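Please look over the sequence and the model that follow, and keep both in view while you read. The paragraphs after them go from a single residue to the chain as a whole.

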Amino acid sequence: MTDFAGHLFPGLLLFFSGLYYAMLVSLAILRGQRLLVSPLPPRDKRARGWLQKLPIEGLIKVAVCIPGMAGALFYPLGSNRLAIIDWEDPERKFLYHNTWQHVTIYSFLLISGLVDIVSQSWLARQQVRLEQAALALAFQGTALLLLSHTEGKNVLEARAHFLLVLPIMLIAQVLTIELWLPDQPVLWVFKVWMLLLSGSWFVHLGSIIFLPITGHPWRADKPGDVMFLTTFFCWHLILDALLMAGVYGLCSLWQHRYPPQQGAKSTKYQLCPTDPTTEELKKLLVEMNQESGRI
């Protein structure tokens, strides 16, 4: 992340992830789903092929993090930033501070991807909360690292990075809350909004520091430049909200044009209701009592 490409890569990853989840959230709200993503059936009831059992999202996380970590350590070609301490210096100074923070951020996301793969492919039952906790930890760790990433930077760069920390920290908080409240559409929408915001602002941040549109570098000693950081950030808030509304509108048109089949719901794996007050469980108990009476 020491150049524009280093900010463009994770920024686009976050932004397109936000677009994907904006579509999922829109369809879930339109269909009245209780959960954003239904849990997988037990392992013995899934498809037999091992390729079909591998989670796409987990694989994408791993596939993105490995080249990201390699690029942070060895890009440009011929570079080698594996050293952490300069042993030849009597003061034993730490080396490549920014690089190792970038590698640690990718490591958090890599762990989340590996947890997804293990939970959805190897365990007898999917551990949804474990996956959610790993993802929440990834964003919490990223927020902490970005807070210290402002050390040694001028006022403008420090402000720009602090604005990036805000949506990432809010995502981490929402993911943590969803461990206990996974069925709240308001949290789904807010999480997607902050995901889009963090992605678009990440790309804009790289442009501000390394590739300004005007061709002239932003300067920390100009109050107008520092003030316009917050202005542009608020514009990202508005534009990303409008983008979410546009995605919802397109999904609504799709839902109206291609409504889900009525019988499709019964063919999917569903969790057995355990609440004694639910209508489905009452009907099952009545049917069981009738069957036992016949016997």
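Arginine 92, in this predicted model, is partly exposed, because its relative accessible area is 40%, which lies between the limits of 20% for buried and 50% for exposed. The residue is placed in the loop between H3 and H4, and its phi is positive, about 50°, although arginine 92 is not a glycine. Most residues other than glycine have a negative phi. Tyrosine 96 gives a second case, with a positive phi of about 50° although it is not a glycine either. Tyrosine 96 also lies in the loop between H3 and H4, and with a relative accessible area of 35% it is partly exposed. A glycine with a positive phi can be found as well, for helix H1 is followed by glycine 32, whose phi is near 70°.

From these loop residues we can turn to the helices themselves. The chain holds ten helices and zero strands, so that reading along the sequence gives the pattern α-α-α-α-α-α-α-α-α-α. Of its 295 residues, 35% count as buried. Among the contacts between residues at least 6 apart in sequence, 71% join residues that are at least 24 apart.

How accessible is cysteine 65? Its relative accessibility is 0%, and it therefore counts as buried. Cysteine 234, by contrast, is partly exposed, with a relative accessible area of 35%. A disulfide is a covalent bond between the sulfur atoms of two cysteines, and the structure holds zero disulfides.

Leucine 163 shows how residues from separate parts of the sequence come together. It is found in helix H6, residues 155-177, and with a relative accessible area of 7% it is buried. Which residues does leucine 163 contact once its neighbours within four places in sequence are left aside? They are Trp201, Leu229, Thr230 and Phe233. The C-alpha atoms of leucine 163 and leucine 205 are separated by 9.6 Å, although these two residues are 42 residues apart along the chain.

Aromatic rings form another set of relations, and the count comes to eight aromatic pairs. The rings of phenylalanine 15 and phenylalanine 16 have their centres 5.8 Å apart and their planes at 80°, and because planes over 60 degrees apart count as edge-to-face, this pair is edge-to-face. The rings of phenylalanine 190 and tryptophan 193, with centres 6.3 Å apart and planes at 85°, are therefore edge-to-face too. Why are phenylalanine 190 and tryptophan 193 separated by about one helical turn? They are three residues apart in helix H7, residues 185-210, and so about one helical turn lies between them. An α-helix has 3.6 residues a turn, so residues three or four places apart point the same way. Phenylalanine 190 is partly exposed at a relative accessible area of 28%, and tryptophan 193 counts as partly exposed at 26%. Elsewhere, ring pairs link Trp218, Phe228, Phe232 and Trp235 into a cluster, while the charged end of arginine 257 sits over the ring of tyrosine 258, 4.9 Å from its centre.

Finally, the helices can be set beside a database record. The unreviewed UniProt entry carries the annotation "transmembrane region" for several stretches, including residues 12-37 and 226-251. In the model, residues 12-37 are 77% helix and 0% strand, and their end C-alpha atoms lie 23 Å apart. Residues 226-251 are 100% helix and 0% strand, with end C-alpha atoms 38 Å apart.

Conventions: Residues are numbered from 1 along each chain as its sequence is written. This is a predicted model: local features need pLDDT of at least 70, side-chain atom pairs count only at pLDDT 80 or more; totals for chains, interfaces and linings use all residues. Side-chain values use heavy atoms; hydrogens and water are left out. Rings of Phe, Tyr and Trp (its six-membered ring) pair if their centres lie within 6.5 Å; planes under 30 degrees apart count as stacked, over 60 as edge-to-face and the rest as tilted. Helices (H or I, at least four residues) and strands (E, at least two) are DSSP runs, numbered from the N terminus. Buried means under 20% relative accessible area, exposed over 50%, partly exposed in between (1.4 Å probe, protein chains only). A charge sits over a ring if NZ of Lys or CZ of Arg is within 6 Å of the ring centre and within 35 degrees of the ring normal. A disulfide is a pair of cysteine sulfur atoms within 2.5 Å. UniProt positions are given in the numbering used here, feature names are shortened, and annotations may be inferred rather than shown by experiment. Contact means heavy atoms within 4.5 Å.
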